[in-house]
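Here are my notes on the structure you sent. They are numbered for reply.

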Amino acid sequence: MVRMISLAAGMAMLCSAGAVSAICSTGIAASTPNSQLIDNGDGTIVDQKTGLMWKSCTEGHVLKDDSTICAGPAKSFNLEEAKQWVAQVNAGRQSENMDYDDWRLPTLEELASIVEQRCTDPAVNPDRFVDTFSVSYWSSSTYADKAKHAWVVNFSTGEPIHRDYRFKH
């Protein structure tokens with residue numbers, strides 16, 4: 001099973017707003033329903049459609065015992081720092097590896113696969129990705145048309161955008 005680091009390891013602190021409950025339209029069918037995103041009960045989620053495993057909390061946060069609230073300070077990284085964080089998590093130097101040592105940053109396509117089309121602020125399944133911030137998260141995909149840029153997904157709207165990889169997200 002392929003494991004993704006959190007919601008892409010690099011949370012973009014583009015704004016200072018905290019995590020809030022998603023605004024979801026009830027008139028639109030869920031693109032990432034609970035039946036597709038299986039909660040393993042250990043802080044990880046498996047997407048049965050893609051076979052990918054995700055952390056349910058943003059990097060730096062840990063899931064509290066009741067599995068409905070993530071606590072702790074969220075991490076903010078530029079792309080290189082995000083890659084270094086993943087290596088540290090896999091080496092066991094961080095306590096956030098969930099007993100796995102093969103986490104990685106997702107590609108743009110993989111990260112976009114967890115966007116919930118009927119929700120905004122944040123555009124994720126609020127039952128599975130608790131306390132997610134409405135900001136951008138890094139992918140491992142570089143942007144071919146501009147040097148030193150990589151793709152992120154803006155989880156306020158669910159849209160992919162490219163950013164300078166030196167920028168802290």
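**Notes on the model**

1. The side chain of Thr44 makes a polar contact with that of Asn40, at 2.9 Å. A second polar contact, of 2.4 Å, links the side chains of Thr44 and Asp42. A polar contact here is a pair of N or O atoms within 3.5 Å; within protein, one must be able to donate a hydrogen and the other to accept it, and residues adjacent in sequence count only if both atoms are side-chain atoms.

2. On sources: this is a predicted model, in which local features need pLDDT of at least 70 and side-chain atom pairs count only at pLDDT 80 or more, while totals for chains, interfaces and linings use all residues. Residues are numbered from 1 along each chain as its sequence is written, and side-chain values use heavy atoms, with hydrogens and water left out.

3. Thr44 belongs to strand β4 (residues 44-47). Its relative accessibility is 0%, so Thr44 counts as buried. The cut-offs are under 20% relative accessible area for buried, over 50% for exposed, and partly exposed in between (1.4 Å probe, protein chains only). Leaving out residues up to four places away in sequence, Thr44 touches Ile38, Asp39, Met53, Trp54, Lys55, Ser56, Met98, Tyr100 and Trp103. Contact means heavy atoms within 4.5 Å.

4. Lys55, one of the residues that Thr44 touches, lies in strand β5. Is Lys55 buried or exposed? Lys55 is buried, at 4% relative accessibility.

5. Now the overall fold. The chain has 2 helices and 12 strands. Their pattern along the sequence is β-β-β-β-β-β-β-α-β-α-β-β-β-β. Both are DSSP runs numbered from the N terminus: helices are H or I of at least four residues, strands E of at least two. Of the 169 residues, 44% are buried. Among contacts between residues at least 6 apart in sequence, 62% join residues at least 24 apart.

6. The largest nonpolar core has 16 residues, of which Trp54, Leu111, Ile114, Phe129, Tyr137, Val153 and Phe155 touch the most other members. Strand β5 (52-55) and helix α2 (108-112) each give two or more residues to this core. Another core, of 13 residues, lies apart from it; Leu79, Ala82, Trp103 and Leu105 are among its members. A nonpolar core is a set of buried Ala, Val, Leu, Ile, Met, Phe, Trp, Tyr and Cys residues joined through side-chain atoms within 4.5 Å.

7. Beyond four places in sequence, its contacts include Leu111, Ile114, Val115, Pro122, Phe133 and Tyr137.

8. Next, a sheet. Three strands form an open antiparallel sheet in the order β10-β11-β12. Strands β10 (136-142) and β12 (159-164) are the edges; each has a single partner strand, so one side of each lacks a neighbour in the sheet. The twist averages 40° from one strand to the next. Strand β11 (residues 149-154) is joined to β12 by 6 bridges; pairing requires at least two bridges found by DSSP. His149 stands opposite Asp164 in β12.

9. Last, a loop residue. Ala29 sits between β2 (23-24) and β3 (37-39). Ala29 is exposed, with a relative accessible area of 64%. Outside four places in sequence, Ala29 touches Glu116 and Arg118. The C-alpha atoms of Ala29 and Arg118 are 7.1 Å apart, although 89 residues separate them along the chain.

Conventions:
Axes are lines fitted to C-alpha atoms, for helices over the stretch in contact, and angles run from 0 to 180 degrees between N-to-C directions.
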